[in-house]
Amino acid sequence: MTEKVKQGPEINVIRITDNAIDQFHAKREELIPILMEINQKIGYIPREAMKEISSRMRIPQSQLYSVASFYHMFFTKKTGSHVIKFCESAPCHVAGGREVWESIQEQLRIGPDETSPDEKWTLISTSCLGVCAVGPVMMVDDDIYGNLTPDQIPDILAKYE
Amino acid sequence: MQTTRSMVLVSSDPHSMDKGAEEVFQKLSEQIKSFKLQNEISLSKVSDIGRNDASPLVIVYPEAIIYGPVRPADVPYLVEEHLYKGRVASRLQAPTKELSGKIAWISARKGTLPAEQRIVMQRAGLIDPDSIEDYIIHDGYQALGKVLSEMSPQDVITSIKDSGLRGRGGAGFPTGLKWDFVANAEGEKKYIICNADESEPGTFKDRLILEGDPHNIIESMAIAAYAVGADEGYIYIRGEYMLAQTRLLKAIMQAKDMGFLGGNIFDSGFNFTLHIHGGAGAYICGEEPAFIESIEGKRGEPRPRPPYPTTNGLWDKPTLVNNVETLANVTPIIRNGSDWFKSFGTPSSTGTKVYTILGNVNVTGLIEVPMGITLREVISIYAQGMKNESSFKLAQTGGSSGSIIPASLQDTPMDYDSFEKAGVSMGSGALLICSEETCVVDLAKVLINFFRKESCGKCNPCRIGNQRAYQMLTNISEGLGKMDDLDKLDEMSKWLYEMSNCGLGQTAGSPLKDILHHFRAEVEAHIKLKVCPAGVCPMSGKAY
């Protein structure tokens, strides 16, 4: 998996975007892999990146935005330093997911699709993560946690201090 | 999952408990240990077996012998005779005429051993997925060699047709027929796509097949491409499946280096290039037309069908689309023949099915069993019973788009035809097993919430229908439902089915239809009595 570049003012959006475009030879059908690369490197797809893709690949910005906003793994707004994805699907729900989901929101004091004021956390609910046998499941950045119970949440979150 | 030589079930319905089933169970456990058989024999309780005069019952698989009534004092003899010496303890056998109702199914299933049978998962976990050598040692690329040196494309299609293989993605369309459509479609350039966008909640079989045995999919795709006349293929894989992507990429490189992919494979003149295309998180991209759009770099919104991908697919060329599990069956069929394949499963649904077992049971995980096993067998044998002695209320099969099955249907054989007759969808093979602690309104709310979020928004019935259904279910769960909401929900499920553009919207209504059909009284209790019988719904009177 591509390492996320450290967030901060030093990120060179244009350079990362150009590299991503070159890596996939600026092909229209490679748009999703290109967006994925940028999303992974920067954590989201900034406006400047869309402008750059638009001018280099001759795709209207409106079309780019429509593709980027369609897929759940792409973010079009800046996210917190850590992104929590919580599985809201039925298998996790039935195995006790509801209580865990409440506990996460209580701990972070934010709701779904929100970023904490200190920009540390972004919380999203997601569809199935494909590890249902150990539900309830959540992902913090690239780490997967399964068989969750509400009282485990504070300890897990503390690891990302 | 550990496999055992024999499986012993003890009936634990109230009637059996009354007659000492618990003591029988304890005694069996002791005796099995005293013969040191505990690693070979699994022992579990089976509930909801119905009242009959021979309780308590002890049922021994795979012979499907029913003993009863068994008293604790009979147990040493039973264990020694049947489980240790392997002879039927005939004096303890239950008289056939006294077996009635739900218990009668067991003797009818004698000989259809509900044991694991691995065809598609044959190598997963046993070979090193990163090593093509390991795959080759385990019969890998033999089938491709056989196809390219001995068989014409039509021969390949014929043997797939003869095998009776049906699509494992959910719809159960005959695979050979689909191959025929693409082979007969006009056009020089054809594509083949492996649908690995496994997003149905509760399903992770394709991930394990790809992670455990990536070369099998590559080999099967090459065979399918040869059969239909394609020279280029794509594996459309979920963005979330990073490990599977990495392993597939590596496997493709290895196959290229060894000459199993690329130009003039096995000196036969057949060329095949294979690409991987990762998704980026969209349930709807499991729909054929939607992921074709996605491979072309667009929003994954489904195109109207017809025309079907078999004639107008990727870049408007004839395209064969098969699910991972379907493809994984291809190499074993070519190697062992269609008759071998037909020896598993039922006449109308041949082969095996991979199921994922989830929910309120003791053991969750993945099994591959012959088609036609029943849900009761899955729960009592593989899942080793319900968790915390709870009782079985319903199962949700096939992920969100599947069906909700009440306890009364748990003896229906799980194959395409029996399920179709019972109005149940086989779907992806996910079996979410729920105890009495699950509320149907709450479950339907979660399922509809899923569709509401995953709807692409292109057509109105799906975009608006799911939102409205969610609002109504939320209100019912808050104690604010009205009786005519039920008629509206019923109507909504019909509209979703009849008017939606693609499979997502068409199946979104099925949880609504199912809860109203099987659990209407429970839903009505939320409205009329303002009570959630399972004690799950908030009923706090907050409107959506």
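What share of the 544 residues in chain B is made up of buried residues? In this predicted model, buried residues account for 55% of the chain. A residue is counted as buried here if 20 or more other C-beta atoms lie within 10 Å of its own. The secondary structure of chain B comprises 23 helices and 14 strands. The C-alpha trace of chain B spans about 75 × 65 × 35 Å along its principal axes. The radius of gyration of chain B is 25 Å, in agreement with the value near 24 Å that a compact globule of 544 residues would have. Among the contacts in chain B with a separation of 6 or more, 73% join residues 24 or more positions apart.

Confidence was examined for the model as a whole and along chain B. For chain B the mean pLDDT is 89, with 94% of the residues at 70 or more. Two stretches of chain B have values below 50. In residues 100-104 of chain B, pLDDT stays under 50, and the model shows 11 contacts beyond four places in sequence for this stretch. In residues 107-113 of chain B, where pLDDT is likewise below 50, the model has 6 contacts beyond near neighbours in sequence.

The contact between the two chains was then considered. Chain B contributes 38 residues to this contact and chain A contributes 29 residues. On the side of chain B that touches chain A, two or more residues each come from α12 (288-295), β10 (352-359), β14 (430-435) and α18 (440-454) of chain B. Of this side, α18(B) provides the largest share, with 5 residues. By residue class, the side of chain B that touches chain A consists of 15 nonpolar, 16 polar and 7 charged residues.

Chain A contains an open sheet of 5 strands in the order β2-β3-β1-β4-β5, with mixed pairing. Its edges are formed by β2 (114-115) and β5 (143-145) of chain A, each of which pairs on one side only. Strands of a sheet pair through backbone hydrogen bonds, in either the parallel or the antiparallel sense. The pairing of β4 (residues 138-140) of chain A with β5(A) is antiparallel and extends over 3 bridges. Within this part of the sheet, Met139(A) has Ile144(A) in β5(A) as its bridge partner. Helix α5 (residues 90-108) of chain A lies across β1 (82-87) and β3 (121-126) of chain A. The direction of α5(A) is at about 150° to β1(A).

Definitions and conventions:
Residues numbered from 1 in each chain as written. Chains lettered and ligands numbered in written order. Predicted model: local features only at pLDDT ≥ 70, side-chain atom pairs only at ≥ 80, totals over all residues. Pairing = 2+ DSSP bridges. Helix = DSSP H or I, 4+ residues; strand = E, 2+ residues; numbered from the N terminus. Contact = placed C-beta atoms within 7 Å. Axes fitted to C-alpha atoms, helices over the stretch in contact; angles between N-to-C directions. pLDDT = per-residue confidence, 0-100. Rg over C-alpha atoms; globule rule 2.2 N^0.38 Å. Buried ≥ 20, exposed ≤ 12 C-beta atoms within 10 Å, placed from the backbone. Nonpolar A, V, L, I, M, F, W, Y, C, P; charged D, E, K, R; others polar.
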